[in-house]
Amino acid sequence: MQKSAEFESPILEVIQMRRSRRAYADKPVEQDKIQSLFEAARWAPSSVNEQPWLYLYATKDQPELLGKIFDALNDSNKVWAGNAPLLIVSLARKNFIRNDRPNESARYDLGAANAFLSLQAAHLGLNVHQIGGFHAAKAIENLNIPDYYEPVVIMAIGYPGDAANLPENLKLRELAPRERYVQQAFVMNQTF
Ligand SMILES: Cc1cc2nc3c(=O)[nH]c(=O)nc-3n(C[C@H](O)[C@H](O)[C@H](O)COP(=O)(O)O)c2cc1C
């Protein structure tokens, strides 16, 4: 993997700025900014405009609810995500509302909404770290999630903090240069 090349048409600044940090400042996320994140998600595209996403969030002002979300995380994610002042569970509605048939695009659409939310967060100076490493059964139990929703990703959100406060192994990961495949590895302009 190599670093991205420089292009004459640069990518959006929010895309350049966004990254999944693990260090959080000891500062709450303002309520209007939380709403701004969900507003960005709201305008994401979705198959037949189904909008099959649901967000269940908790802040440090709600220790009981926050604890129920935190409790579902894998141990390796608990090490750092406990410092985030805001945790959001993102859920996909499995079936279409209109006909109750399975929505094969639900997770895809939720991912798009989460991407919109993440870029809005970058615009607001916030860090979003998506977490797939959690126990779905635990989240379902702790939060009484009904069967027609699937918890897909938990997001740890807050203002970026000092990486020096992280355990050594995570500090190194936090400060390591980011890597991506070059475009030739994933872009085609011919048949297979
Ligand atoms: C669906 C998904 C699940 C992820 N799960 C975890 C996780 O369990 N723990 C973690 O530390 N990071 C997790 N990440 C963050 C990725 O490791 C991170 O996005 C990737 O290394 C690229 O880094 P960047 O977001 O800073 O560009 C997840 C990201 C996504 C999109």
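Which elements each supply at least two residues of the shell around the ligand? They are α4 (75–81) and β3 (127–131), with helices (H or I, at least four residues) and strands (E, at least two) taken as DSSP runs numbered from the N terminus. Please keep in mind that this is a predicted model, where local features need pLDDT of at least 70 and side-chain atom pairs count only at pLDDT 80 or more, while totals for chains, interfaces and linings use all residues. Residues are numbered from 1 along each chain as its sequence is written, and side-chain values use heavy atoms, leaving out hydrogens and water.

**Overall fold**
- The protein has 7 helices and 4 strands, in the order α-α-β-α-α-β-α-β-α-β-α from the N terminus.
- Its radius of gyration (over C-alpha atoms) is 18 Å, close to the 16 Å of the globule rule for 192 residues, so the protein is as compact as a globular protein of that length; the rule is 2.2 Å times the number of residues to the power 0.38.
- The C-alpha trace spans about 50 × 45 × 30 Å along its principal axes.

**Around the ligand**
- The ligand is surrounded by 14 residues (a heavy atom within 4 Å), and the closest are Ser20, Arg22, His129, Arg178 and Arg180.
- β3 gives the largest share of this shell, 3 residues.
- By class, the shell holds 3 nonpolar, 6 polar and 5 charged residues; Ala, Val, Leu, Ile, Met, Phe, Trp, Tyr, Cys and Pro count as nonpolar, Asp, Glu, Lys and Arg as charged, and the others, Gly among them, as polar.

**Arginine side chains and ligand oxygens**
- An N or O atom in the side chain of Arg178 is 2.5 Å from an oxygen atom of the ligand.
- For Arg22, a polar side-chain atom lies 2.7 Å from a ligand oxygen, and for Arg18 the distance is 2.9 Å.
- The protein covers 60% of the 610 Å² of accessible area that the ligand has on its own (Shrake-Rupley method, 1.4 Å probe).

Note on methods:
A polar contact is a pair of N or O atoms within 3.5 Å; within protein, one must be able to donate a hydrogen and the other to accept it, and residues adjacent in sequence count only if both atoms are side-chain atoms.
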